[in-house]
Amino acid sequence: MTEIVFEHVAHRYGDVPVLEDVSLRLAERRIGIVGANGSGKSTLARMVNGLVQPTSGRVLVDGLDVARRGREVRRRVGFVFTDPDNQIVMPTVREDVAFTLRRHRLPADQAAARVDDALETFGLSDLADRPAHKLSGGQKQLLALAAVLVARPAVLVADEPTTLLDARNARIVGEHLAALPQQLVMVTHHLDALADFDRVLVVDAGRIVADDAPAAALEAYREVVA
Amino acid sequence: MSSRSTVRDLAQIAVFAALIAGLSLPGAIPIGSLGVPITLQTLGVMLAGAILGPRKGTLAVTTYVVLALIGLPILPGGRGGLGVFVGPTGGYLLGFILGAFVIGWCTARLLPRYRILPALLVTAIGGILAIYLIGVPWTAVTVGIPLDAAAIGALAFIPGDLIKVVVTVLVASAVHRAWPGIIEPKPWPWAAAKAETDASGAPVDPEASGRPAVADPSVQQDDRS
Amino acid sequence: MIGFAVPGTSVLHRMRPGVKLALLAAAVTVLAVLRDPVQLAVALALSCALVPLAHLPLRQTARQVTPVLWLLAVAVPVHAWFGTWPDAAAMGLRILTAVTLAAVFTMTTKVEALLDTVQAALRRVPWIDAERVGLVLALTIRCVPLLAAIVREVIDARRARGVGGSLRAIAVPVIVRSLRTADAFGEALVARGYDD
Ligand SMILES: Nc1ncnc2c1ncn2[C@@H]1O[C@H](COP(=O)(O)OP(=O)(O)O)[C@@H](O)[C@H]1O
Ligand SMILES: [Mg+2]
């Protein structure tokens with residue numbers, strides 16, 4: 001497992017505090033993050049790969065300081081956003097998956113094989129030459145996943161990857177996520193998806209208010225929302 | 001794109017190039033209480049300059065023009081391809097690039113204050129004058145008619161252009177208040193020259209660059225639609 | 001990819017885009033110096049002959065050329081008014097020929113092939129980062145449907161709320177959403193390893 005460490009991390013936008021004094025050591029295989037809208041979940045998740053920098057404290061991934069070694073960290077930590085439309089950067093499905101490997105300096109045939117492999121895993125082989133914008137919402141999120149995982153990161157951070165999907169597509173994407181060999185840190189509002197997770201964090205108003213096994217954490221969460 | 005472009009710059013350039021395409025596609029839409037039909041393509045060009053500034057704005061418009069010429073159907077009416085360029089209206093495409101540059105260059109000099117009246121003036125110079133400066137002679141030469149005859153033909157579009165200038169400035173003013181820092185403010189050449197001759201020369205007002213992000217209520221509200 | 005190219009295997013389809021572009025430029029230059037309407041009529045006939053040669057569907061080709069016909073319907077009489085009818089005819093034929101040739105070019109050349117040509121050419125320019133230009137072009141193509149949808153939604157929403165004809169009521173939300181989209185793409189590019 002990759003070890004993700006938060007040391008007294010705080011973040012503020014201007015003078016609005018968003019996260020306050022968060023200290024964590026995450027080394028489990030399945031970690032869930034829940035909390036109300038605006039509680040600071042996305043900020044917390046983005047800090048793991050340096051998209052957001054702490055205003056104080058530091059974040060370490062396998063001992064690498066994210067603020068200073070961002071590029072190396074992002075090689076280990078893949079990130080899936082809520083809206084796949086803003087994550088797919090190339091016109092067609094195959095091009096988008098291949099884009100991730102551009103900076104990996106792989107031999108062309110190896111890169112192509114990995115792209116095919118990723119498309120296959122997420123059931124996108126038949127759609128490989130389609131324009132990305134013609135995919136359904138669920139297919140787009142699977143494409144976003146394929147495009148991140150083709151780089152074979154050690155950890156995947158997913159920020160509400162199923163929030164924009166209908167129930168059926170949310171289940172399909174959820175099943176793919178559950179089957180990943182990777183370590184997974186997932187922000188979600190689909191609480192049932194967390195049942196067999198190893199650990200669930202509850203965020204409220206910028207603080208971790210519960211950190212426990214799923215059943216206990218979700219119990220605490222229901223009290224917070226109530 | 002020089003090494004000065006960050007990844008975020010590239011994203012802004014691409015999104016605004018695509019925005020001009022998106023604004024070109026619906027064709028003419030009715031505007032104002034009279035419902036006069038207006039096309040939005042040049043609104044996109046003016047906004048690119050006024051919101052992204054000289055470098056990013058010009059690159060966004062250039063990207064749009066290049067893709068249209070390469071053959072994407074992103075010109076008004078879903079047209080595209082080299083045919084437009086070799087025809088009588090091809091000059092306007094080049095005029096767009098010049099127009100966005102002029103607006104962007106002047107806007108960088110009006111920031112961070114961005115007073116409305118000068119902004120209207122420079123946006124009209126870039127968004128109307130600069131565009132017709134290339135578009136009209138191009139038409140005159142390809143069609144082989146006198147310049148003034150070609151210019152009279154273009155007059156019909158001026159009222160719509162003026163509306164677009166006003167809207168561009170109002171939108172840019174709100175955006176630069178809500179998101180300062182998209183364009184780096186620059187001094188006018190004469191001000192820069194003066195600052196250089198001043199031995200003491202501290203031309204940069206420290207407050208000018210570090211304005212706090214004030215959320216503009218009108219911008220926030222309209223976002224919900 | 002979206003575009004006007006019609007698949008085919010004709011000589012014109014197989015020609016390298018750079019070569020074809022050079023030929024088009026040469027042809028347009030020759031057209032510019034021709035003065036005689038008869039010569040230009042022959043040129044137009046030859047250009048039109050390319051359409052069946054490349055197996056291009058007539059209707060689609062016509063669609064590329066008709067917009068300029070409308071312009072010429074005005075411009076030719078105006079030209080004749082200031083000059084002579086033979087000159088006006090020469091002008092009309094010249095533009096029509098150029099536009100037809102350009103249409104044939106566009107319809108026999110895939111957008112991808114042209115993009116590659118543009119990038120290959122840019123790679124020879126020392127002060128241009130061809131990879132980044134390529135990224136911007138591809139990202140723009142990717143974004144066109146997104147931004148077109150945003151513009152459409154905002155125009156429709158304006159109609160639904162009955163806020164009649166305010167252009168500002170369109171421009172403000174469109175720009176706000178564009179800037180947000182650009183931010184999100186910037187972030188996504190960084191997350192996907194494109195981080196300098
Ligand atoms: N770029 C930003 N600028 C200012 N405030 C922000 C920004 N991003 C998020 N916030 C604020 O920070 C708080 C936490 O945001 P976020 O981490 O996105 O929460 P969540 O993902 O739990 O909904 C919210 O109040 C939000 O409005
Ligand atoms: Mg969030």
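B:Phe101 comes out as partly exposed because its relative accessibility is 38%; the cut-offs are under 20% relative accessible area for buried, over 50% for exposed, and partly exposed in between (1.4 Å probe, protein chains only). This is a predicted model, where local features need pLDDT of at least 70 and side-chain atom pairs count only at pLDDT 80 or more, while totals for chains, interfaces and linings use all residues. Residues are numbered from 1 along each chain as its sequence is written, chains are lettered from A and ligands numbered from 1 in the order in which they are written, and side-chain values use heavy atoms, with hydrogens and water left out.

Back to that phenylalanine. B:Phe101 sits in helix H4 (residues 90-110) of chain B; helices (H or I, at least four residues) and strands (E, at least two) are DSSP runs, numbered from the N terminus. Leaving aside residues up to four places away in sequence, B:Phe101 is in touch with B:Pro54 and B:Thr58, contact being heavy atoms within 4.5 Å. B:His176 lies 75 residues from B:Phe101 along the chain, and their C-alpha atoms are 18 Å apart.

**Strands in chain A**

Now for strand E8 (residues 183-187) of chain A, where 5 of 5 residues are buried. In a regular strand, side chains alternate between the two faces of the sheet. In E8(A) both faces are covered: A:Gln183, A:Val185 and A:Val187 are buried on one side, and A:Leu184 and A:Met186 are buried on the other.

What does E8(A) pair with? One partner is strand E3 (residues 30-35) of chain A, in the parallel sense over 4 bridges; two strands pair if DSSP finds at least two bridges between them. Here A:Ile31 has A:Val185 of E8(A) as its bridge partner. Strand E7 (residues 155-159) of chain A also pairs with E8(A), again parallel, over 5 bridges, and A:Ala158 stands opposite A:Met186.

Strand E1 (residues 4-13) of chain A runs antiparallel to E2(A) over 7 bridges, and A:Val5 has A:Arg25 in E2(A) as its bridge partner.

**Where chain B meets chain C**

On this interface, 64 residues of chain B contact 69 residues of chain C. About 5600 Å² is buried between the two chains, with carbon and sulfur atoms giving 79% of that area; buried area is the accessible area (1.4 Å probe) that two parts lose on being put together, summed over both. Several elements of chain B supply at least two residues each to the side that touches chain C, among them helix H2 (41-70), helix H5 (116-143) and helix H7 (158-178). The largest share of that side, 15 residues, comes from H1(B). How many salt bridges are there between chain B and chain C? The count is 0, a salt bridge being a side-chain nitrogen of Lys or Arg within 4 Å of a carboxyl oxygen of Asp or Glu.

**Salt bridges elsewhere**

Over all chains, the structure holds 21 salt bridges. Here are three of them.

| Pair | Closest N to O distance |
|---|---|
| C:Arg192 and A:Asp96 | 3.0 Å |
| C:Asp129 and C:Arg132 | 3.7 Å |

C:Arg192 lies in the segment after helix H8 (168-191) of chain C and A:Asp96 in helix H3 (residues 93-101) of chain A, so this pair joins two chains. C:Arg192 is buried at 7% relative accessible area, and A:Asp96 is buried too, at 0%.

A:Arg171 and A:Glu175 both lie in helix H6 of chain A, 4 residues apart, or about one turn of the helix. A:Arg171 is partly exposed at 47%, and A:Glu175 is partly exposed at 46%.

In the pair within chain C, C:Asp129 is partly exposed at 31%, whereas C:Arg132 is buried at 6%. Salt bridges with shared partners also link A:Glu28, A:Arg199 and A:Asp211 into one network.
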